[in-house]
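Subject: Structure handover

Hello,

Here is the structure for you to look over. My notes follow below it.

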Amino acid sequence: MRKKSRKALEREQAASAAAAVEAEETRAQIIKDMHEEIRWEKYNAERQVSLEEKEAAMREVQLEKTWHALQDHEGAFVKYVTDAEKEENWIRYMTCDGLPDPGSLSEMNTFVFLWSMEDKEVNMSNFTRKYYTVIYLITKLDEIVRFSLMRSPSYLFECKVIRQRFRDKLQEWMDMACYALLRQIERDMVREDTKTATYSSVSKHVSCCIWVLIKWPIKLKQPTDKDRIPIEVHFEEMELTVKMPTDIDCYCMAIRALWVMYDHYSDRAISHVMPELPDKYKSNYIINFPTFCQNEYNTKLKIRDEQAEGRRLRLEEKKAILERMEHPPELESTKLDRKGKQQKKLGVQAKPEPIQEMKCLPYLPTPDEIILQKDEETRKEIRKLLFTRCEKTEINLRKYRILGGVIHIDLIYQPPQPKDMGRNLMLTTLQIPKELKFVPFSKPYKAPPPAPDSERTPEVIEAEMKALETAMEALALVTLKLPSSIIWFEPPLVAHWIPERNMWSTQDVHDIKYNEEKQTITFRTGRLGVHGFAAFKFINVPFQSWELKPEMGRHARGGIALNVSAAIVQAEFIVREDLVCLNSLAGGMSAAIKDILGEYMRLYFLVEIPRNAEEIIKIAIEFTKISLFASLFSDVENARCWMRPISGAGRLQLREVSPGETSGDGEASARMHGPALHGVHLLLVAVERQSELPRNRHTIQGAAWMPRERANERNSVGDSFANNDGSLHRGELRVLRRALRR
């Protein structure tokens with residue numbers, strides 16, 4: 001027994017000795033590592049300061065050159081826009097068409113005044129002639145408001161006011177023309193039978209169909225509620241059917257269906273306009289690159305000076321820990337007094353005093369981390385400020401867009417009809433004011449409450465279904481064919497315009513049924529008036545890949561080809577000088593797209609003409625940003641370096657190109673396409689303000705000129721920069737790539 005206990009004791013002693021040796025080796029390694037850490041911390045602190053000074057000096061030189069190049073190009077573009085505007089004004093002057101200059105506020109006001117003097121002569125015939133003239137002027141005002149780059153805000157505000165006057169006057173003339181038509185039903189409308197008459201006028205931009213139930217000179221027998229048949233009208237020219245509820249007999253009334261290709265309501269909605277940023281955030285987006293980078297560098301220096309004392313304390317803390325590890329304190333043997341000895345004899349042990357642990361200082365972030373943290377907080381705050389709060393049934397126009405124009409479905413009281421008194425004498429009762437009177441139609445729908453689950457027998461379920469059908473039959477039923485010019489990637493939302501609140505809403509629209517094969521949609525509405533179809537703006541996002549290369553083929557004319565693969569469609573655009581065309585499209589085709597394939601036009605014309613094909617044009621808007629770099633340089637060397645085929649995928653990463661890929665005369669291409677591409681960029685900036693959130697300006701400008709080592713430190717907040725600082729034109733790509741990712 002003694003031998004076994006002795007061997008066990010020896011094994012325990014050997015194990016404790018080995019553990020002590022291992023602990024001593026670990027302690028020695030930790031001490032060595034801490035010595036190395038302290039040495040490297042001192043060395044890196046000095047080296048970091050020197051490296052950042054060199055980077056700041058190099059960044060300042062490079063950004064100054066880039067800034068001057070951009071300023072020169074901006075001046076050239078401004079001159080190009082000014083010359084183009086002068087040429088357009090001269091062409092308009094030589095046309096002598098009698099129309100006012102859309103850019104002259106006084107002439108436009110005079111036109112509205114002269115137009116109002118023709119109110120007494122309005123009818124459907126002269127309305128059609130006036131319609132195209134007014135739409136042309138409104139379109140020109142839209143171009144000034146949306147795409148003008150050198151106009152003052154006050155001038156643009158006046159243009160918006162005049163544009164709204166034109167819109168209101170045009171709608172007033174539409175109603176007045178319909179009123180004049182309804183005043184002479186026997187003369188101007190077509191009798192379908194003894195009880196009804198119709199009128200239809202269909203064109204490419206506006207269609208109007210009216211159905212009336214003629215008032216008889218004698219009273220007709222009124223049917224009972226059970227025998228009453230709902231009024232159902234089918235407008236074959238518009239492929240639209242309206243079925244009224246049974247409680248509306250349409251006696252002495254008219255049903256009007258009016259479709260117009262434009263949407264003059266959405267830009268008045270609250271959700272259409274991006275909220276204004278406070279000045280403290282807005283100032284970060286208007287300063288130039290050199291000033292921004294210098295401010296950032298000064299902030300770093302200020303933070304480093306403020307952290308000098310904190311870094312010294314943390315270094316002393318590490319030295320104190322190291323000293324304590326090298327020379328641990330010895331435990332002093334405490335002499336027990338008699339009382340303590342007595343307690344020990346009784347089996348009570350004295351508690352040792354606890355060793356006080358050193359309180360470590362918190363982590364001290366670097367100046368870069370502090371700046372990134374502030375930038376992230378600013379970005380989150382900006383997102384909160386730019387967030388558009390909408391009601392549950394309100395259409396957010398920064399997320400959706402009304403496509404295919406708008407349709408007016410109205411129920412109108414018939415004005416008094418003329419009576420033939422004989423001897424060429426007609427007598428008409430005159431009602432003042434002489435305008436259309438709309439029948440109020442507002443029926444909120446409330447679904448019947450369901451029965452408890454314990455009582456849901458087949459009879460109860462059938463009764464619920466009948467109650468739902470009865471509640472639905474109190475609403476107006478509308479069936480129509482969607483415009484063929486629209487590419488519908490998903491069923492649209494049906495919304496009606498609420499003029500009192502200036503918003504599109506789906507509150508009173510129910511039971512929507514979409515037939516994809518026939519491209520028809522059926523819905524019930526509890527409110528008559530203006531209706532529209534809202535489509536999701538970003539259905540083709542994210543983009544899959546893109547490719548930018550010189551135009552090739554037998555019909556090439558020195559243009560730039562842009563191939564885009566979006567989430568659903570694939571499109572190819574060609575840019576020549578200051579014109580652009582949609583060359584091909586796969587994955588979504590419509591009649592409007594077929595009409596413009598291969599036709600070269602200004603970019604904003606391409607955006608406006610097939611406006612219903614919103615998603616296709618949005619791809620052009622997004623990816624024409626990539627073409628911006630081709631117009632940044634006018635010298636031969638840099639132009640030839642830039643005019644190469646490039647492509648990308650995902651987050652629009654550019655790839656390295658070999659010298660053998662250069663094609664064409666770089667100088668000629670840059671000069672040829674420079675104004676158009678730069679104009680595209682400035683147009684896109686205006687478009688982005690309507691729908692996109694500003695990105696992190698610090699990552700765009702402040703970090704744009706950092707070398708590869710610095711860029712790798714920021715992978716957590718943005719993509720790394722692929723270029724080094726070897727040459728100026730390659731370094732400038734960093735700013736552009738980050739700007740393009742905005």
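Glu239 is partly exposed, at a relative accessible area of 45%. Partly exposed lies between buried (under 20%) and exposed (over 50%), using a 1.4 Å probe and protein chains only. The areas come from the Shrake-Rupley method, with only the protein chains shown as cover. Glu239 sits in the loop between β4 (232-235) and β5 (240-243). Strands are DSSP runs of E, at least two residues, numbered from the N terminus.

This is a predicted model: local features need pLDDT of at least 70, side-chain atom pairs pLDDT 80 or more, while totals for chains, interfaces and linings use all residues. Residues are numbered from 1 along each chain as its sequence is written, and side-chain values use heavy atoms, without hydrogens and water.

Glu239 also belongs to a negative surface patch, together with Glu192, Asp193, Glu236 and Glu237. Patch residues have over 30% relative accessible area and no salt bridge, with like charges joined within 9 Å. A salt bridge is a Lys or Arg side-chain nitrogen within 4 Å of an Asp or Glu carboxyl oxygen. Charges are placed at CG of Asp or CD of Glu.

Now β18 (residues 570-576). Six of its seven residues are buried. Six bridges join β18 to β17 (residues 560-565), antiparallel; pairing takes at least two DSSP bridges. Phe573 partners Leu562.

On to β19 (residues 579-586). Seven bridges join β19 to β18, also antiparallel. Arg576 partners Leu579. This hairpin has two residues between its strands, and Glu577 in the turn has a positive phi of about 50 degrees.

Best wishes

Definitions and conventions: Patches are made of residues with over 30% relative accessible area and no salt bridge: like charges are joined within 9 Å, nonpolar side chains (Val, Leu, Ile, Met, Phe, Trp, Tyr) within 5 Å. Accessible areas come from the Shrake-Rupley method with a 1.4 Å probe; for residues, only the protein chains shown count as cover. Lys and Arg count as positive and Asp and Glu as negative; His and the chain ends are not counted. Helices (H or I, at least four residues) and strands (E, at least two) are DSSP runs, numbered from the N terminus.
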